Amino acid sequence: MRLETLPSEFQEALPVLEKIKAAGFEAYFVGGSVRDALLQRPIHDVDIASSSYPEETKRIFDRTVDVGIEHGTVLVLENNREYEVTTFRTEDVYVDYRRPSKVSFVRSLEEDLKRRDFTINALALDENGQVIDLFQGLDDLENQILRAVGTAAERFNEDALRIMRGFRFQAALDFDLEQDTFVAMKDCAPLLEKISVERIFIEFDKLLLAPFWRKGLEALLTSGAIEFLPDLKGSRAKLERLFDLASDFFFSASEQAWAALLLALDVQNVKDFLKKWKTSREFANKVQDLVEIAAIRSERDLTKRDCYDYDIDLLLQAEELRQAQGLAVDFSAIQNLDASLTIHNKQEMVVNGGMLMQVFGFEPGPKLGQILKELEYAIVDGRLPNELEAIYAYIEEKK
């Protein structure tokens, strides 16, 4: 198969391929960018595979960075862009179901492609638009099938994260898993416990944000792989509640997706749960806020103070979740409440602790903090204008 017109992303990278070839080596576009070009999907990172060894690649280009040279990858800086050029390679036995004990550089494209995860990712593209397909990846693309390259069990034993990648590709592409590939994923699922939580989180997160997340999640649950993810053993029945969300609903942000997951699980301590997933503190705080907002909305309408205490984006995300559950929503009320706020944070108050200490002689400490908090919420609630004279009069009256 030949692409008559190379996508612009490849055309911009052609000078890199041409320089490598001019130096006497082979070079191809490989992996996900080729797959996405054939599927007419947006292309993100353009990766290049070459028969040139890392030191040889560095001699070809004026500007390079050693981003993963031990694995054969050199970052080439060309025409104000960055391209990863990776040497054709084979890999020795995997010592931890994730990393090979040894990487060997080779001059053969076939040896490089046969170590990849799925046939649709084992495609290469030359400078003329010719697709090199050694493992029937084009047939699988046409039939919308996810099939492991070679022996499926070997691929997943080499790198167990490929199991999560398979579910994520399902969610992103709406492809079906080939039967032997799915069986191998089920059989190898216990190996996920040996993979770093951070890497599993990335794949699971991408799955939840994908357009066909239901398909990926269903396969994850059906395979039993969910049993080997942090704190999710025995959670299948609860997670199936996510399928009750409106059929046309898609998560708009990672925080929203994980809040929905935690709500389905009835998790009581959000931060403890997410700590096991090693997420950032900022992410955990936002997810907890979303869960709290959902609890508030299950009991009453939001108030000005709610709109002050929580970020408006999170308030709207929580409302989207309610809408997906078929519950009553009012997006305009949230926006109107937010617009009506006199201040959106305490830094917008016309007074601060230093001013109150100077004018009224307050001492630093809990009492001053309590007074500032009282002023803050009086302004938020609309009981006190954010004006110096009014605030001072309010304090005098309270003294």
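Let's start with a record: an unreviewed UniProt entry carries the annotation "binding site" for Gly32, Arg35, Arg116, Asp159, Arg162, Arg165 and Arg168. The model you see is predicted, so local features need pLDDT of at least 70 and side-chain atom pairs count only at pLDDT 80 or more, while totals for chains, interfaces and linings use all residues. Residues are numbered from 1 along each chain as its sequence is written, and side-chain values use heavy atoms, leaving out hydrogens and water.

Now find helix α2, which covers residues 32–38 and holds Gly32. Helices (H or I, at least four residues) and strands (E, at least two) are DSSP runs, numbered from the N terminus. Arg35 sits in helix α2 too.

Are these residues buried or exposed? Buried means under 20% relative accessible area, exposed means over 50%, and partly exposed lies in between (1.4 Å probe, protein chains only). Gly32 has a relative accessible area of 26%, so it is partly exposed. Arg35 is buried because its value is 9%. Setting aside residues up to four places away in sequence, Arg35 touches Ile120, Asn121, Leu141, Phe169 and Leu173, where contact means heavy atoms within 4.5 Å.

Next, look at Val46, in the loop between α2 and β2 (47–50). With a relative accessible area of 9%, Val46 is buried. Beyond its neighbours within four places in sequence, Val46 is in contact with several residues, including Phe10, Phe29, Ser33 and Tyr83. Val46 and Val85 lie 39 residues apart in sequence, and their C-alpha atoms are 9.5 Å apart in space.

Terms used: UniProt positions renumbered as here; feature names shortened; annotations may be inferred.
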